Amino acid sequence: MDQAIYNKNGIAEGLPQEARYAPTARVFHWIVAVMVLVVWPFGMVIKFIAEDSKPIFYLLHESFGFLILWIMLARVAVRLVRGAPAHPPMPEWQRRLADTVHVLLYVALIAMPIFGFLATNAFGFPLSLFGLIPIPSPVGKNDALAGIFMTVHVTLGYTILVLFLLHMAGVLQHHVLKRDATLYRMT
Ligand code: HEM
């Protein structure tokens, strides 16, 4: 990534526009990042919340989670059309690991809301987006399926946690240890 802009200490401080992700890809990335950082913990704490406060937690978790699905689908479309900027020089195994983590994050963040949505419908609680827009579902109440869908949703929750930690390890490696311009591709 020889287009990096360096300061007088030789530390990367930026990248020209053409060496970054497409503007829409960058906006979607940070919107999804913030939403996942809210939706994930909300999902985790629901089981510990007092019964009378649960409905609002369910409503926010499920509604914002459902929005993540559509933003992720839009992200995939942008990524396929606009591609990605070049990686900085790095060992082949690191490039492969980064690419694999990115693909798995796309898959997990699309599958996660789908299985959450299917689970809540199978439990007999159809989603009304922010209490305003009823969302039709391909499955109705079905206790056996509900358990399976929820198990997938929970398993994906821990998978996303591991992928997120690997993603953060990449940020640490490039931005803090190597101090190269990788992070600026997404700013
Ligand atoms: C990317 C989007 C989403 C993320 C990151 C996410 C994350 C999580 C997490 C981490 C949990 C806790 C799992 C555990 O107990 O170990 C959870 C629970 C749950 N999620 Fe999601 N979720 C998302 C989308 C959705 C959607 C769209 C729905 C439904 C429309 C949904 C419905 C549920 C339900 C019903 C629970 C169980 C809560 C409980 O009773 O304890 N989730 N979610």
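**Stop 1: the shell around the ligand.** Select the ligand and the residues around it. By class, this shell holds 15 nonpolar, 7 polar and 2 charged residues. Keep in mind as you look that the model is predicted. In total, 24 residues surround the ligand. To pick out the closest ones, highlight G43, E62, G65, G116 and G157.

**Stop 2: the helices behind the shell.** Now colour four helices: α1 (23-45), α2 (54-82), α3 (92-122) and α4 (143-178). Each of these supplies at least two residues of the shell around the ligand. Which helix gives the most to the shell? That is α3, with 7 residues.

**Stop 3: α3 beside α4.** Hide everything but α3 and α4 and turn the view until you can follow both axes. Two packed helices are described by the angle between their axes and the distance between the axes. Here α3 and α4 pack at an angle of about 155°, and their axes are 8 Å apart. Because an angle over 145 degrees counts as roughly antiparallel, α3 is roughly antiparallel to α4. The crossing of α3 and α4 is left-handed. Show the side chains where the two helices meet: the contact of α3 with α4 has 21 nonpolar residues, 5 polar ones and no charged ones.

Stop 4: Is I114 buried, exposed or partly exposed? I114 counts as partly exposed, because it has 16 C-beta neighbours inside 10 Å, while a buried residue would need 20 or more. I114 and L163 are 49 residues apart along the chain, and their C-alpha atoms are separated by 18 Å.

**Stop 5: what the record marks.** Over residues 20-187 the chain is 71% helix and 2% strand, and the C-alpha atoms at its ends are 8 Å apart.

The unreviewed UniProt entry also gives the annotation "transmembrane region" to residues 27-50, 56-78, 103-124 and 144-169. Residues 27-50 are 79% helix and 0% strand, with end C-alpha atoms 36 Å apart. Residues 56-78 are 100% helix and 0% strand, and there the end C-alpha atoms are 33 Å apart.

Methods
Residues are numbered from 1 along each chain as its sequence is written. This is a predicted model: local features need pLDDT of at least 70, side-chain atom pairs count only at pLDDT 80 or more; totals for chains, interfaces and linings use all residues. A residue is near a molecule or strand if its C-beta atom, placed from the backbone, lies within 6 Å of it. Ala, Val, Leu, Ile, Met, Phe, Trp, Tyr, Cys and Pro count as nonpolar, Asp, Glu, Lys and Arg as charged, and the others, Gly among them, as polar. Axes are lines fitted to C-alpha atoms, for helices over the stretch in contact, and angles run from 0 to 180 degrees between N-to-C directions. Angles under 35 degrees count as roughly parallel, over 145 as roughly antiparallel, 65 to 115 as roughly perpendicular and the rest as oblique. A crossing is left-handed if the near helix is turned anticlockwise from the far one by less than a right angle, and right-handed if clockwise. A residue is buried if 20 or more other C-beta atoms lie within 10 Å of its own, exposed if 12 or fewer, and partly exposed in between; C-beta atoms are placed from the backbone. UniProt positions are given in the numbering used here, feature names are shortened, and annotations may be inferred rather than shown by experiment.
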